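User: I would like to understand how the words used for a protein structure follow from the values behind them. Could you take me through one example, term by term?

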Amino acid sequence: MIFNQHTFKHGIHPDDNKSETATSAIHQFPFAPLLMIPLQQNIGAAPECIVREGQEVQRGQLLAQAKEYFSVSLHAPASGVIKHIGLMFDIKGQQVPGIYLQPFAASTQEIIEGEPCLFTTSAEKILTAIQQAGIVGLGGAAFPSHVKLKPPKDKPIDTLVINGVECEPYLTTDHRVMLEQADDIMTGIRYLLKVTSAQQVVIGIEANKQDAAIHLKKHIPADLPVSVNVLPVKYPQGAEKMLIQSLLNRQLAPGKHANDVGVVGVNIATAAEIGRLLPHGRGIQERVVTITGPAMTRKGNYRIPIGTPLRFILETLGTSNNLNKVFMGGPMMGSAVASLDISVTKGTSGIIAFSDSKTSLNKTIYPCIHCGKCLEVCPMLLNPSQLGLLAKKQRYEEMQTNYHLMDCFECGACAYVCPSHIPLVQHFRVAKHAIKKQKQAR
Amino acid sequence: MKTPLHIDSSPHINAGSSVEKIMQHVLLALSPVVIFAIYAYGLAVLLLLVVSILSCVLSEHFFNRLSTKNQSLQDYSIIVTAVIYALTLPPGLALWMAALGGFVCVALGKFIFGGLGANPFNPALVGRAFLQAAFPVAMTNWTPAFSADRFVSLPTSTLAWPFGKPIYDQISMATPLAAKKFEQIDTGVYELALGLTSGSAGETCAVLLLAGAGYLLWKKILKWQIPLGIFTAVILLTGMFNLIQPDVTPSPLFMLFSGGLMLGALFMATDPVASPITAWGCFVYGIIIGMLIVIIRLWGGLPEGVMYAILFANALSPHIDRLIQPKVFDEKS
């Protein structure tokens, strides 16, 4: 297979650790005795709860309605009874409002469907259907898809980039979706083409998923302008800016968005969900999650109902005794959880369990020795070393004005290579937070 | 299920490199040079190494006890400093001077600035510069290499009493640089490259120094732009003056392979802490060092200039870093 000519600058090559789950087909995960469904599962405004305590709901029924443009709806992941509407913990350890749902026995779990939305209807109707189906970017950011798909009128879109890169180590959900839902993806692309009026579609896949690339190529309908592009493996290629550069050789200056260069990027799992849900008028009630890591006993890919508690998942699949750290998302950008009493949301792409030996507990942090490795890997061409030194001195203003702190998207490549084990990403998050607070104070 | 869970910021994996591993690689890269130095100068250099390492490690331990910071002996950086420091010393240097210089390396080169990562100058060279200033005669007294009795007896200067009247051997050698500068005697590049000449303990065998640097390059530890800059400047400048005044200017190859240039360019100028962080900054820094070496060697009072060139460039390094920053993601458009 011929490799793409371009690539983005810098980047790293971590062990991908995907082999343990790459061949594991997606299985339906059982219903937990109690689902905890936070209302806020998307960037933007939370939808408004339209059910009450004690009410019986059906799987697929609307639980919360998007009242604003920058919001998406939320559907019942199971048929059951609303036990309680109140606070629950989110991944950050904050208490957020949500719905406690007690599912009925599995035999009664039929999905109710709404009005189908076909790709032949108008772009406006499709965008509304996407919002009503509760669809957000499933790569992890959970950005409302209908907002992303409607760029400003003065920025015409010529290319639709479908992101099947999945550059985070350990994760194999997109890989499995490509192998198992090729037709859904192609149907999704029809909807996406309609709403963006793009002329071409490029699917980007890294070379460690050749089988998926070959499989997708076979499923491209003759009437669709779709090409599949295999890219050399390099992290963080899945980041939109990097991917656009790798695939199209279009560069995005800091602060610019994909639509500034005529591109809309959509995660491949999001495309598959659009193709799977819209023709049946359904909403998102579950998502594919990779459950893996050295401390997991039964690893694999599962279609897990939204709201399933981590504790239920880990107890069902088994963990080793020396479990030490659990994080959601990939190992490069995912968040470690403080408690297992939080649940799978629309943005959860992976749940990874590490044992003692894998965590960085005993890693000594040394002072920066100026080795320059972080500069060699930063995909945004920043100077993480200098940023780290300034962060330590709390010179946040200078980090922003002289060293482009806000361009950092926290991919973690710098901290990954740092021989002094300086928690650079953490420093940068703290700095960004401080700057935001300062701005608000003004 | 064990609780509480460990929480920290992403990324949750790392490349597995560490400061101590880097330092161990540097020691490994230097090991052939160390073995050659002991082979060429015998017991005197062995003792010089032992005393330097002991002095540096004990001083580091002493300052660790005084400081509230983390203990820094386990990061191996002090061993690297000590070994490089010993390799820059004249083989017959009095051991008490070596011990004193080792203390200065740690005290004035490292801890006064805040320890590892904070030293603006290469600590080994700070120690050496101190000795050069305090004991100029002892620091330019060169023991001949490959003397027959080097494994059974020591040069009298080695065991001199502290602060006593220094005694030097009758047989002392001029280094190729001094021979060229003061007596216009040329030394063949072949002899220089293989280390058949006299000089500081570890500076003579260019081939082994290059091999060690090659190892570091392979391990991606070497800031290769620095030696590249030094070599470029030295070759171009010397070549230019060699064309103008062929009688008094040595050849570029002689310049490269003589004195402390290889040891300095490959192992001391490349000290990550005291050098710039960007690739271009490193190259500029190398060019500056190379130019200074040539200027000092050709027109200065001393035959050798590597140490001062590096120390001076160390001082410039933060300014180079301020001037040369990485270009952020496509700033042009």
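Analyst: What follows is a set of questions and answers on the terms used for this structure.

Analyst: This is a predicted model, in which local features need pLDDT of at least 70, side-chain atom pairs count only at pLDDT 80 or more, and totals for chains, interfaces and linings use all residues. Residues are numbered from 1 along each chain as its sequence is written, while chains are lettered from A and ligands numbered from 1 in the order in which they are written.

User: How do you know which residues of chain A are in contact with chain B, and how many are there?

Analyst: Two residues are in contact if their C-beta atoms, placed from the backbone, lie within 7 Å. By that test, 49 residues of chain A are in contact with 34 residues of chain B. Strand 15 of chain A gives the most to this side of chain A, with 5 residues; the names of such elements come from DSSP runs, helices being H or I of at least four residues and strands E of at least two, numbered from the N terminus.

User: What makes a residue on that side of chain A nonpolar, polar or charged?

Analyst: Ala, Val, Leu, Ile, Met, Phe, Trp, Tyr, Cys and Pro count as nonpolar, Asp, Glu, Lys and Arg as charged, and the others, Gly among them, as polar. Sorted in this way, the side of chain A that touches chain B has 30 nonpolar, 16 polar and 3 charged residues.

User: Why is helix 3 of chain B called oblique to helix 4 of chain B?

Analyst: Helix 3 (residues 77–87) and helix 4 (residues 95–109) of chain B pack at an angle of about 135°, with their axes 11 Å apart. The axes are lines fitted to C-alpha atoms, for helices over the stretch in contact, and angles run from 0 to 180 degrees between N-to-C directions. Angles under 35 degrees count as roughly parallel, over 145 as roughly antiparallel, 65 to 115 as roughly perpendicular and the rest as oblique. The angle of about 135° therefore makes helix 3 of chain B oblique to helix 4 of chain B.

User: Which hand does the crossing of helix 3 and helix 4 of chain B have?

Analyst: A crossing is left-handed if the near helix is turned anticlockwise from the far one by less than a right angle, and right-handed if clockwise. The crossing of helix 3 and helix 4 of chain B is right-handed. Among the residues that meet there are B:Ile78 and B:Tyr85 in helix 3 of chain B, and B:Gly101 and B:Val106 in helix 4 of chain B. By class, this contact has 5 nonpolar, 3 polar and no charged residues.

User: What makes helix 4 of chain A oblique to helix 8 of chain A?

Analyst: The axes of helix 4 (residues 173–180) and helix 8 (residues 268–277) of chain A come within 9 Å and cross at roughly 40°. This crossing angle makes helix 4 of chain A oblique to helix 8 of chain A, and their crossing is left-handed.

User: Why do strand 11 and strand 12 of chain A stand at the edges?

Analyst: Two strands pair if DSSP finds at least two bridges between them. In chain A, 4 strands form an open sheet in the order 11-10-9-12, and the pairing is parallel. Strand 11 (226–231) and strand 12 (263–267) of chain A each have a single partner strand, so one side of each is left without a neighbour in the sheet. Strand 10 (residues 200–206) and strand 11 of chain A pair over 6 bridges in the parallel sense, and A:Ile205 stands opposite A:Val230 in strand 11 of chain A.
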